[in-house]
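Please look over the sequence and the model before reading the points below.

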Amino acid sequence: MDVLVLSRLQFALTTVFHFFFVPVSVGLAFSVAVMQTLYFVKKQDIYKDMARFWGKIFILSFSVGVVTGIIQEFQFGMNWSEYSRFVGDIFGAPLAIEALLAFFIESTFIGLWLFGWNKFSKGVHLVIIWLVAIGSTLSAFWILAANSFMQHPGGYSIENGQAILNDFSYILTNSHLWLQFPHMWFGALLTAGSLIAGLSAIKIMRQKDSAFFKKSFSFSLVLVLIGGLLATIFGHAQTQNILATQPMKFAVIEAQYEDSKDPASLAIIVWVDEDAKERIWAIEIPSMLSFMAYNKFSGDVQGINSIEQQLIEDNGQGSYIPPVLALFLSFRLMTAGALGFIALAILGFLLMKFKRLERSKWYLLIMGIAIVCPFMVNSAGWLITELGRYPWTVYGVFTIEQSVSQNATVGGVLFSLCSFFLIFIVLAIIFILLVRREWQKGPYHEQGHDEHAYLIDPYGEEAFIK
Amino acid sequence: MNLQIIWFILIAVLFIGFFFLEGFDFGVGIATRLITKDRSERNQLIGTIAPFWDGNEVWLLSAGGAIFAAFPHWYATMFSGYYIPLTIVLLALILRGVSFEFRMKMHSERARNLWDWFLFIGSLLPPFLLGVLFTSLVKGMPIDENMTMYAGFWDYISLYSVVGGVAVTLLCLLHGLNFISLRTNGIVRTRASELSNKLYYLLYAGLAIFVLLTIFNTDFYKDKTALMILLSVAIVIISTITHSCVIRRKEAFAFLFSGLSLCMVVVLLFSGLFPRVTVSSIDPSYSMDIYMASSSPYTLKLMTIVAFCILPFVLAYQGWSYYIFRKRVSKADRINNQ
């Protein structure tokens, strides 16, 4: 095993695991803020119960998200120190701003929100949860600003082998950012929405706290629908942007080895030979790829092989093709997942309108099982974004191979990789168990019953006084 | 004053914020195994930091981010050079961070105990390892002409760095104990100040050894004799003032002064290091100074504006959150309102 492979594995592991929790937290923070706003406006207790109950799930996700996020801040320096040297002048700024502007807001106000239910007026407490939601959104914005520079660099010059920032406004107006950020943010709404929907659906099926969970369910369908539609629209725009800025990534997610005909047809399923660099067979929809690329049913796109030739001419010999089948499938998984959820949400609305929701056990069961989907969809999205940039860390400028720490050792990275892996498994299991437990208890569980119980030690003095 | 110097100071300020704030919540975490007899007392202690610890930890993330933005080479050299210690710090912070939430939600006695232990270990290791990191950094690490550090176990661990680690941990623990005295009532309040009182004698010994070793292991006292003597004396004086506050039960002052002594240690290390950011043990000319390590003037200027615009607000709302949760925590208080 070499250090580069291990470091890449670790980066994949830590970012993907972290990103299980980020969309849930971003989406739930917003959802809870909206629930609490409804409570403030409509003054119905059910909205307060909703904010409290889904707030518990939010807190669990937030705490795992926070601790796995600390790794991200450290690992650029630890594993990718040459990258940090090269791009620190540009990349460090949004990261530091993220900490100063977003992390401080989130983490301070989440304490105030969590422990402040009885300390503040309703209005102040509402402002606090909105600040948490805004903080988490800002955090997403700044980290994506940093990532967008890596995807589509600009506003810099190279001096003494280092990238130097000339124009900060480029970082903020990067076209990649303004598609990626809304795409991700609405994706977070979809994620949170489908989590609420799935957990509520099973409860409705079992007829437990039906009123509460039906309310939650209809609320979540709105999130799923809005999130799903807008994430798809921005995703579509992002794909077209990618075609212009990272043609190889576009060609790879379509497994388009040869230059296409005009109009170009879209492959639904393919089998490819990655060594021979060719498609073996494919099921295609005529003209559809042209539509994907240009919003019209004509126009051709460049294939992997000719883009590779061009890259070799520009940058010298090397490997320039990301894993084709993996990214092709990731893209299909992501798209199918999002579209599937939109369809499920529409179906859910219809079932509610015709008052057949509770009787449609099959539908409720599908929604329950579908909880896992957004997590796969989100991971697939990141895989396309990051792995699709191969072999670059900063697209067209700096490679992964150049980025890795010179002093990294196999033993060291193996140690961190294994320990992160183990700790993530533990965190994942406990997270799932705790969400399940909160969910089983439901919203009207006697408040703090079991949390209270252990405040008195059964063997302590107090236990014998009463 | 140029931008590099401003940023060197700002990073010291961020670390001061980190050690002053997270310092006491590390200390409280360590104290959960020292001055409690049962879970309700542990809950009481943790109740004093539960709303704050997360916000406090952001000071570390901000310091890290600021080093990255302002001194990329410092960030790259230090974080890659201290790979293993920082991995352990990360693991400790991960376990600690989730333990606040997990420990309350566990049903079995054994699981609760386990997460209580993680909270303790997660509070103990980071201050120790960060102390080791900073002391070994100022002592000098094997950094070559390409600014790359190739360090092994015995570069991290020396008598000096271990004493440094212990001193920082002890300072955090005392700071935490003083916070507990200030923020709780009942038996733990008394126990905290009693233990704090005793530990100050240990701290005096620790600080004396630390200062002595600093004289022999670094060039601090050769180059900046007057300043270093002044700072060392200040640390000792502040510690004795704190001690007398502890004895006289001036809890608020004890807490502020123990925080101040932590700040002074950061000031001592940073001003000894200045204008360098790393010290090479291979060849002094390989040491990196703030000008070699820094970002471009454009980025530094940008970040200066950002930092000076944001930090006052951070201080204001964090201060407000401490004001909101100013009431003493009793044993019977539920630590989670949800």
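This is a predicted model: local features need pLDDT of at least 70, side-chain atom pairs count only at pLDDT 80 or more; totals for chains, interfaces and linings use all residues.

Residues are numbered from 1 along each chain as its sequence is written, chains are lettered from A and ligands numbered from 1 in the order written, and side-chain values use heavy atoms, without hydrogens and water.

**Largest pocket**
- The largest pocket holds about 1,100 Å³ of space.
- Its lining has 47 residues, and A:Phe11, A:Thr15, A:His18, A:Gln72 and A:Ile143 are the closest to its centre.
- H1(A) gives the largest share of this lining, with 10 residues; helix H3 (53–70) of chain B is among the elements that supply at least two.
- The lining residues comprise 28 nonpolar, 11 polar and eight charged.

**Second largest pocket**
- About 900 Å³ of space lies in the second largest pocket.
- Among its 37 lining residues, those nearest the centre are A:His183, A:Gly235, A:Phe331, A:Met334 and A:Thr335.
- Elements giving two or more residues to this lining include helix H6 (175–205), helix H7 (210–245) and helix H11 (324–353) of chain A.
- This lining has 21 nonpolar, 13 polar and three charged residues.

**Strand hairpin**
- Strands E3 (residues 266–273) and E4 (residues 278–285) of chain A run antiparallel and are joined by seven bridges.
- A:Ile269 has A:Ile283 in E4(A) as its bridge partner.
- Four residues lie between the strands of this hairpin, where A:Lys277 takes a positive phi near 55°.

**Terms**
- A pocket is an open set of points on a 1 Å grid over the protein atoms alone, where a 1.4 Å probe fits, with protein on both sides within 12 Å along at least five of seven lines; lining residues have an atom within 4 Å of a point.
- A volume is the space filled by probe spheres set on the points, which are joined across faces, edges and corners.
- Ala, Val, Leu, Ile, Met, Phe, Trp, Tyr, Cys and Pro count as nonpolar, Asp, Glu, Lys and Arg as charged, and the others, Gly among them, as polar.
- Helices (H or I, at least four residues) and strands (E, at least two) are DSSP runs numbered from the N terminus, and two strands pair if DSSP finds at least two bridges between them.
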